[in-house]
Amino acid sequence: MTLPIGTPGGVATPAFNPLRKGLRMERTPPPCVMVIFGATGDLTHRKLLPALYNLALEHLLPEGFSVVGFARRPLDDAKFQQGILESINKFSRRRPVQPTVWEQFIKGIYYVSSDFTNLEGYQALAATLDKIDEERGTQGNRLFYLSTPPSDYEIIINNLGKAGLAKPQRPGSDAWTRIIIEKPFGHDLKSAQELNDVVAEVFRENQVFRIDHYLGKETVQNILVFRFGNSIFEPIWNRQFVDHIQIVVAEELGVEGRGPYYEESGTIRDMVQNHMMQLLSLVCMEPPVSYEANAIRDEKTQVLRSIKPLDADEVVERTVRGQYGPGTIFGKPVLGYRHEERVNPNSITDTYVAIKLFVENWRWAGVPIYLRTGKRLPKRTSEISLQFKPAPQQLFSPSGMPLEPNVLVLQIQPNEGISLKFGAKVPGQTMNIRPVTMDFRFGQSFGITAADAYERLILDAMLGDSTLFARRDEVEQAWSIVTSITDGWKLHMPPALPNYEAGTWGPKEADEFIQKDGRNWRRL
Amino acid sequence: MTERILDRLDSTALMPPPGKNTYEDVIIRGEAKEIELANIEKSITTLWQVATKDESEDLAPVMRACVFNLVIFTESDEGLEQATDTIAKLTWSYPCRAIVLIARPNLPEDSMNAWISAQCQLPDPNGMKVCCEQVTVEGSNLAMERLGSMVLPLLVPDLPVILWWPGDPTLQGPLFERLMDTSDRLIVDSRRFLDPVCSFKRLAALSEMRYRGVAFSDLNWARLTPWRRLIAQFFDPPNMMPYLSHFEDIVIDYEAPGKESEPNFSQALLLVGWLGHQLGWKEAFSLQKHKYNASLIVNAGGKPLNIKFIGHNDCCEESGGITAIKITATILPENRAATFSIKLKQNYEQVEISTEESSKPPRSRALGFVRRDEVALLSEDLAVVKHDRMYEAALALAGKLTG
Ligand SMILES: NC(=O)c1ccc[n+]([C@@H]2O[C@H](COP(=O)([O-])OP(=O)(O)OC[C@H]3O[C@@H](n4cnc5c(N)ncnc54)[C@H](OP(=O)(O)O)[C@@H]3O)[C@@H](O)[C@H]2O)c1
């Protein structure tokens, strides 16, 4: 009976809700409205709305929680709701929609139709928000979500400012306003800085949540727990023991109708600047002083700062570009990139990159980090592997053939888990040593279905927890590395493209690229 | 994708390794003294070798996994069947070594038999099978004490031992003590207590005296999680929080099927224990029982707070299950009064949550509700690694309130 409450005859009010204490799911955000810009778009329907529905299903949304969709199409609330129902039935990880949950959920769904450029639309939005506050008790708390083409971010942010919708707090209330911004955040260092300036004109940094859905994945969060929650790995997590690191994000999908977007971005902007840099900084960072948003982001940013941008010659030596031609995936013939819808038939856009980077600090000096990512590779897989240096003496290999090195793999998707490869003696008279793998699968030890990354991240944003979102300096630092590479590429002729067949592990140049260092890509 | 490899070890399905004794020497229906524990362990190893060979050509992808030892005590065939089924399902989330002890009053004196079986899951069709094992030991009443002694050598080293007693635990006696000696956690289901108030009190006393350092848990506590969450939500807005120190009345409806001689409102009691601990109540007048109903007055910050438990026998799906709760509170100086209620509806698939505050329009909403099965409740419980302090505190106060 420890709580500061109920003194005899008194009216003491607790400073926090004591009934929340010890609840296994302690975090329920305060009532709020989420405004989705681009509410009729693909991301909204495939990811955001199903995520919200799943949160509702688990009673994780606050009472009165409401959604306002904002897009150009002239729809009314009912039509918008109907579209949502269809998408949830199609894309939610739990289907079909439960009628009782749905009935409750749609009571708080509204739609405002307007062009992003039209200030009156934002005034209509403000009026809708006031009405919702009044009717549903959302107390002025707002979460804006930019799920629109990136070219619209600036106009939306400015209009939110002009309509008075961006204020961190209204006078005399605790109400908050936050904004989630989708990727891509900028196109290069300069545009990212400019966009950050635009954002900073209207919002304070602690209102801004730059989303990278990779950070919402359980296994990515587990990297920190694995490293800093166990004492046996950290002592060998450095240049004395680690020979090199490989980070792979492979997809079997092609550009899936998003040709124009991809033509602009290429794999390096679509994957490397955000997801892969996030993975890299989590694997390489120093222990943070606390598990607190800024402490963690400080350390991640330090890692990116320790990677020197590449000069033009280094770009040639340390990167490989690729683009897929026609091929076969899972037995089905697929088109080459240049034949995809709305793609330039002479496009030199990269659909594959391999990059070698160095984190030049005390821990990692001299340890190469190889990044490899691409579309139309044989399968979808993401992992980080640390290959350890060989044992100092080849005691068991009289033939002089080196034994296979130890490899620790952090598997991000699918089959989230951790595995360690080591050598073991094959039973018998001879000293035959075979590599064996010790596997740990998260799904198998804790068979709890992990929430979708978007569920976790949207909830975090409502709670104001920015640990799993990218900070301004982090984004810019990642861009400075990537921009040094794209700038370098502009100075050199691209290789003859396409240079790999869809359904294979990328161009042969990429194999030669790592082999000349005396290493190999991990077989996946 | 679920597959069980079950073999009585006296069958010929498992080929013994060459040059070794047959399994007949080991675990067959027979005298208890003939059971050599070391051989059970060996049989398990053989079972895995066979299972592995069975699987495919060379290094077959079977993985044995184990996150704890789960010891289950049951007294009936039905209990054994349920336990086996639960273990199979639990393997998805918690691969473990399960040791099922079954008491058989009808077996001849001293008699004891053992089986082993494997529970395998294939979480990913292209991946590895995850397997873990179940050892089942049956014994006569007289062999019961020795049954306890079977557990120690069968435990997988260095992993927690969880004792799950799904029926009505004795909570005393040599077998209970013996099992508690080896366990890190005891899981019961107070819903199944036959003499609910008495067993509940005993459980609270054991937990409070930190009996043998064991952590206690109760599936009824996991059943309360959604209720606790919904009650807590009423008081999240800062303007509602003051009501917490001004509760006047609480009415809890629960299911009391007519056939039950002794209605079981342990779940409701635990809920009151939790509220009381969090809000600093003290016991005042002890529990009064009238058939299916009961009442209680507590000292809530110097003021009396009336609590009523109302049993409904015109239902019932889950004996003892809470179906509604209503809290009334008045902040006297400001003359603000409110009623907070939560009520299960539509075959327990929906929950209606309402707030009525003086001079404001009433607010009400409905959410989906799922009454979870035993496996889901156990999984929630097993997620807590050590003592669940909140539960133990709620139990302690609830125990005191029963007088
Ligand atoms: N789709 C994905 O899988 C995915 C994954 C990760 C990140 N992202 C990012 O998420 C964002 C959204 O992508 P998306 O694929 O969902 O885009 P999308 O399908 O093209 O949707 C664009 C949305 O913006 C609205 N819109 C466009 N111009 C407008 C204007 N001038 N005025 C008002 N509304 C306008 C559209 O409304 P109308 O249709 O009514 O015109 C539509 O709702 C992008 O930044 C993308 O990079 C997408």
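## Close-up views of a predicted two-chain model

**View 1. A loop residue with a positive phi.** In chain A, E256(A) sits in the loop between β7 (242-250) and α8 (259-284); helices (H or I, at least four residues) and strands (E, at least two) are DSSP runs, numbered from the N terminus. Although E256(A) is not a glycine, its phi is positive, at about 50 degrees. With 48% relative accessibility, E256(A) counts as partly exposed. Here, buried means under 20% relative accessible area, exposed over 50%, and partly exposed in between (1.4 Å probe, protein chains only). This is a predicted model, where local features need pLDDT of at least 70 and side-chain atom pairs count only at pLDDT 80 or more, while totals for chains, interfaces and linings use all residues. Residues are numbered from 1 along each chain as its sequence is written, chains are lettered from A and ligands numbered from 1 in the order in which they are written, and side-chain values use heavy atoms, leaving out hydrogens and water.

**View 2. Another positive phi, at a histidine.** Look for H59(A) in the loop between α1 and β2 (66-71) of chain A. Its phi is near 60 degrees, a positive value in a residue other than glycine. Is H59(A) buried or exposed? At 11% relative accessibility, H59(A) counts as buried.

**View 3. Two cis peptide bonds.** K183(A) and P184(A) are joined by a cis peptide bond, with omega about 0 degrees. P184(A) belongs to the loop between β5 (177-181) and α6 (189-202) of chain A. A cis bond also leads from L497(A) to P498(A), where omega is near -5 degrees. You will find P498(A) in the loop between α13 (472-491) and β18 (500-501) of chain A.

**View 4. Around the ligand.** There are 23 residues around the ligand, and T40(A), D42(A), L43(A), R46(A) and R73(A) come nearest (near means that a heavy atom lies within 4 Å). A polar side-chain atom of R46(A) is 2.5 Å from a ligand oxygen atom, and a polar backbone atom of T148(A) is 2.8 Å from an oxygen atom of the ligand. Helix α1 (residues 42-57) of chain A gives the largest share of the shell, three residues.

View 5. Which residues of helix α3 (residues 99-106) of chain A are buried? They are T100(A), V101(A), W102(A), Q104(A) and F105(A).

Technical notes: Polar contact = N/O pair within 3.5 Å; in protein donor to acceptor, adjacent residues only side chain to side chain.
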